[in-house]
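Me: Hi! I have a structure open on my screen and would like to talk it through with you. Could you keep it plain?

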Amino acid sequence: MRINAIAFSTNGCRTALRLKEAFPEENLRIFAKTQCDTLGVERIEGKAGEWTGESFKECDAIVFIGAIGIAVRYIAPYIKAKTVDPAVIGMDEHGRWTVALLAGHIGGANALTARIAERLGSEPIITTATDLNGKFSVDTFATVNNLRIMGLKTAQDVSVRVLDGAFVGFTTEIPVEGDLPAGLTLADSGEFGVSISADIEKRPFGTTMRLVPMDIIIGVGCKRDTDPGKLKEFVSEVLSEEGIPAQRVGAVCSIDLKKDEAAILDLAKDYRVPARFFTSEELMELEGEFSKSDFVRSVTSVDCVCERSAIRPFGGEIIRRKTAKDGMTVALCKRDMGLRFL
C-alpha cells in the first residue's frame with residue numbers, strides 16, 4: 001500500500017515519524033507543510049493543494065496530521081467517487097484521534113484507521129452506519145476479498161436492507177470461510193440478494209448485488225516507451241480471445257525495470273487495479289515450466305517476464321501463455337480465490 005502523510009506543525013511531524021516507524025511493511029512517505037522545525041521530515045516547498053492532487057493520483061491512502069478542516073479543504077477539489085478515491089484519514093497533531101474521512105469501505109479508510117489507532121494507541125473514529133451497528137458491509141467484504149462491485153447503488157441498498165432487517169439473500173460460486181453474518185440468508189433466489197460469480201451477468205435475485213472475483217492477473221512485458229493505447233488494445237484482445245471480462249482483472253504485473261513505464265501504469269489505471277513489479281531475482285526463484293527467451297534474459301536477467309510476473313504475486317494457474325505482438329508480451333494467470341467473512 002502506498003501512503004502519503006502530511007503534517008502541519010512540529011508536533012505533527014513527531015506524529016508522522018511515529019506513524020512511519022509503526023508501518024515498516026508499507027510504502028509510507030511523510031511530508032511537512034510548515035515553517036517550523038520539521039524534525040527532518042521532508043518539507044513541501046510548493047502548495048499543499050497541489051501535493052494533495054498528486055497524492056490522489058498516486059496513493060492508496062493519504063493521512064493529514066492536523067486540524068480536520070485543513071484536510072477537508074485540501075481534498076474537496078479532488079473527490080470523484082468511492083470507487084476511485086483513495087482512503088483519506090485525519091489525525092490531530094498529537095495522534096490522540098484517528099478519523100476515517102473518505103473512502104471508508106472500498107478505499108479501506110476504516111480498516112487503515114483501525115490499524116493506525118491500534119499501533120499508535122489513538123482513538124479510532126469511524127462513522128459509517130454498518131460499522132457503528134456491527135452489521136455486514138458488502139463493500140468492505142468485497143474490498144477485503146478482491147471482489148469487484150457491480151453497481152454502487154445496489155451496494156448501498158444492501159446496507160440499507162441489512163440495517164432495516166429486510167431480506168438479503170446470499171449465493172456464491174466460491175467457498176467462504178466463517179459464519180454467515182446477521183442480515184444475510186443463504187438463498188438461490190428471492191426479492192433481493194448478493195451473488196458472487198465469475199459470470200458478470202448472473203442475476204439470480206429480483207434485484208442482484210453482483211460481486212465478481214478479480215482472479216485474473218495480467219503479466220506484461222514491453223519495449224521502452226510503448227504506446228499505452230497499443231498495449232491496452234493488445235491486452236483487451238487477449239482477454240476477449242479467452243472470454244474473460246475486464247471486470248475480473250485483479251492486477252497488472254511486470255519486472256521492476258518497468259516500474260516507470262507509462263503504458264503499464266496506464267493499463268493498471270484503466271482496469272482500476274494495482275500495478276505490481278518484481279525484481280529479476282523474485283521472478284527467477286519461481287519453480288515451474290515457463291516460456292524461455294535468451295534475448296529477454298540477456299536484457300532483463302529473466303527468461304520470461306510476462307508469465308513469471310503473472311504468477312508471482314498470488315500463484316495459481318497460467319491460463320494464457322506468453323503471447324507476443326509488436327514488442328509487447330502478455331500472459332494471464334488465474335489465481336485461486338478463498339473468501340472470508342470478517
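**A buried threonine and its surroundings**

Reply: Happy to! T98 has a relative accessible area of 0% and is therefore buried, where buried means under 20% relative accessible area, exposed over 50% and partly exposed in between (1.4 Å probe, protein chains only). Before we go on, this is a predicted model, in which local features need pLDDT of at least 70 and side-chain atom pairs count only at pLDDT 80 or more, while totals for chains, interfaces and linings use all residues. Residues are numbered from 1 along each chain as its sequence is written, and side-chain values use heavy atoms, with hydrogens and water left out.

Me: Good to know. Which strand does T98 lie in?

Reply: T98 belongs to strand β6, residues 97–102. Helices (H or I, at least four residues) and strands (E, at least two) are DSSP runs, numbered from the N terminus.

Me: And what does the side chain of T98 make a polar contact with?

Reply: Its partner is the side chain of S122, at 2.6 Å. A polar contact is a pair of N or O atoms within 3.5 Å; within protein, one must be able to donate a hydrogen and the other to accept it, and residues adjacent in sequence count only if both atoms are side-chain atoms.

Me: What else does T98 touch?

Reply: Not counting residues up to four places away in sequence, T98 touches a list that includes I89, M91, T113, I116 and I125. Contact here means heavy atoms within 4.5 Å.

Me: Let's follow I125. Where is I125 found?

Reply: I125 sits in strand β7, residues 123–125. With a relative accessible area of 29%, I125 is partly exposed. Beyond residues up to four places away in sequence, I125 touches W97, T98, V99, A100 and T113. The C-alpha atoms of I125 and M328 are separated by 47 Å, and these residues are 203 apart along the chain.

Me: New topic: which residues touch the most other members in the largest nonpolar core?

Reply: L19, V63 and I116 do, in a core of 23 residues. A nonpolar core is a set of buried Ala, Val, Leu, Ile, Met, Phe, Trp, Tyr and Cys residues joined through side-chain atoms within 4.5 Å. The elements giving two or more residues to this core are β1 (2–7), α1 (10–22), β2 (27–32), β4 (61–65), β5 (87–91) and α4 (109–120). Another core, of 22 residues, lies apart from it, with F234, L239, L267 and Y271 among them.

Me: How about the ends of α8?

Reply: D227 caps the N-terminal end, with a side-chain oxygen 3.0 Å from the backbone nitrogen of G229. Just after α8, G243 takes a positive phi of about 70°.

Me: What span should α8 have?

Reply: At 1.5 Å a residue, the 14 residues of α8 (residues 228–241) should span 20 Å, and the end C-alpha atoms are 20 Å apart, which agrees. The expected span is 1.5 Å times one less than the number of residues.

Me: Now α7. Which residues are buried in α7?

Reply: In α7 the buried residues are T154, A155, V158, S159, R161 and V162. Seen down the axis, they fall within an arc of 165°, so they line one face of α7. The exposed residues K153 and D164 are on the face turned away from that buried side. After α7 comes G165, whose phi is positive, near 80°.

Me: Is C13 buried or exposed?

Reply: Buried, with a relative accessible area of 0%. C36 counts as partly exposed, at 44% relative accessibility.

Conventions: Arc of directions from axis to C-beta.
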